[in-house]
Amino acid sequence: MRRAVCPGSFDPIHNGHLEVIARASGLFDEVIVAVSTNYAKKYRFSLDERIEMARETLASLRGIIVEPVGQGLLAEYCRHRGASAIVKGLRSSSDFDYELPMATMNRQLSGVETVFLPAESHYLHLSSTLIKEVADLGGEVSDFVPRSVLKRLLSTGPAGGHASGLSPLG
Ligand code: PNS
């Protein structure tokens with residue numbers, strides 16, 4: 001069983017992510033979409049919402065699991081889950097500059113390899129941050145996100161952020 005991990009904040013998941021995840025599932029027997037929480041980040045959507053959107057969108061695809069990463073090192077999580085690879089999409093050389101040291105560190109920490117997939121050309125400009133900004137300012141984002149994300153983007157505004165994915169009441 002060859003298992004890969006596609007990690008990320010997915011705040012929210014968008015079509016660029018989905019394209020990379022679908023291609024990863026063609027390369028591996030099982031792909032874990034590992035939804036992370038970085039406590040230094042402020043998220044629009046809670047961890048549960050980010051997981052729910054990914055699950056709703058990926059439900060029909062076989063061999064794909066969505067779960068939280070939890071705290072701690074991604075390298076340790078990969079070892080614990082028996083994953084031989086981390087899969088990341090690359091949109092640009094700045095993505096590569098950002099990802100390369102993490103890929104090397106993760107390999108040195110646990111032996112897990114990172115596989116980079118070049119993003120499809122029509123998704124090169126997509127980021128969760130840009131999509132949220134365009135949606136908040138009334139722009140059309142339906143070509144960039146799956147339906148379950150669009151619904152939530154339109155019903156939450158910029159004020160609805162969740163610090164570190166925790167409940168706003170927490
Ligand atoms: O979508 P993001 O926020 O860019 O995802 C970043 C992620 C989850 C891939 C990165 O923050 C990560 O690997 N976090 C786990 C913590 C860790 O292992 N840090 C050391 C990296 S070498």
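This note covers the salt bridges, the ligand site and a few single residues of a predicted model.

1. Basis. The model is predicted, so local features are given only where pLDDT is at least 70 and side-chain atom pairs only at pLDDT 80 or more, while totals for chains, interfaces and linings use all residues. Residues are numbered from 1 along each chain as its sequence is written, and side-chain values use heavy atoms, with hydrogens and water left out.

2. Salt bridge count. A salt bridge here is a side-chain nitrogen of Lys or Arg within 4 Å of a carboxyl oxygen of Asp or Glu. Some of them are taken up in the points below.

3. Arg-23 and Glu-19. These two residues form a salt bridge, with the closest N and O atoms 3.1 Å apart. Both belong to helix α1 (residues 15-27), and because they are four residues apart there, about one helical turn separates them. Helices (H or I, at least four residues) and strands (E, at least two) are DSSP runs, numbered from the N terminus. On accessibility, buried means under 20% relative accessible area, exposed over 50%, and partly exposed in between (1.4 Å probe, protein chains only). Glu-19 is buried at 17% relative accessibility, whereas Arg-23 is partly exposed at 30%.

4. Arg-81 and Glu-67. A salt bridge joins the side chains of Arg-81 and Glu-67, at 2.8 Å from N to O. The pair links distant parts of the chain, 14 residues apart: Arg-81 is in helix α3 (residues 74-81) and Glu-67 in strand β4 (residues 64-68). Glu-67 counts as buried, with a relative accessibility of 16%.

5. Lys-88 and Glu-99. The closest N and O atoms of this salt bridge are 2.6 Å apart. Here too the pair links distant parts of the chain, with Lys-88 in strand β5 (residues 85-90) and Glu-99 in helix α4 (residues 93-110), 11 residues apart. Lys-88 is buried at 15% relative accessibility, and Glu-99 is buried at 10%. Glu-99 also lies 9.1 Å from Phe-116, C-alpha to C-alpha, at a sequence separation of 17 residues.

6. Network around Glu-56. Glu-52, Glu-56 and Arg-152 are linked in a network of salt bridges. The side chain of Glu-56 also makes a polar contact of 3.3 Å with the side chain of Ser-148. A polar contact is a pair of N or O atoms within 3.5 Å; within protein, one must be able to donate a hydrogen and the other to accept it, and residues adjacent in sequence count only if both atoms are side-chain atoms. Ser-148 is in helix α6 (residues 147-155) and is buried, with a relative accessible area of 10%.

7. Ligand shell. The residues around the ligand are Gly-8, Ser-9, Ser-36, Lys-41, Gly-72, Leu-73, Leu-74, Lys-88, Met-102, Met-105 and Asn-106. A residue is near a molecule if one of its heavy atoms lies within 4 Å of it. Helix α4 gives the most to this shell, with three residues. Lys-88 of the salt bridge with Glu-99 is also part of the shell.

8. Ligand polar atoms and cover. An oxygen atom of the ligand lies 2.6 Å from a polar side-chain atom of Ser-9, and a polar side-chain atom of Lys-41 is 2.5 Å from a ligand oxygen. For Leu-74, a backbone N or O atom lies 2.8 Å from an oxygen atom of the ligand. Taken alone the ligand exposes 550 Å², and the protein buries 72% of that. These areas come from the Shrake-Rupley method with a 1.4 Å probe.

9. The ligand sits in the largest pocket. On a 1 Å grid over the protein atoms alone, a pocket is an open set of points where a 1.4 Å probe fits, with protein on both sides within 12 Å along at least five of seven lines. A molecule sits in a pocket if more than half of its atoms lie within 2 Å of its grid points.

10. Glu-30 is in strand β2 (residues 30-35) and is buried at 13% relative accessible area. Its side chain and that of Arg-3 are joined by a polar contact of 2.6 Å. Asp-136, in helix α5 (residues 128-136), is partly exposed at 28%. Asp-136 and Pro-68 are 68 residues apart in sequence and 27 Å apart in space, C-alpha to C-alpha.

Note on methods:
On a 1 Å grid over the protein atoms alone, a cavity is a set of points where a 1.4 Å probe fits but cannot get out, and a pocket is an open set with protein on both sides within 12 Å along at least five of seven lines; lining residues have an atom within 4 Å of a point.
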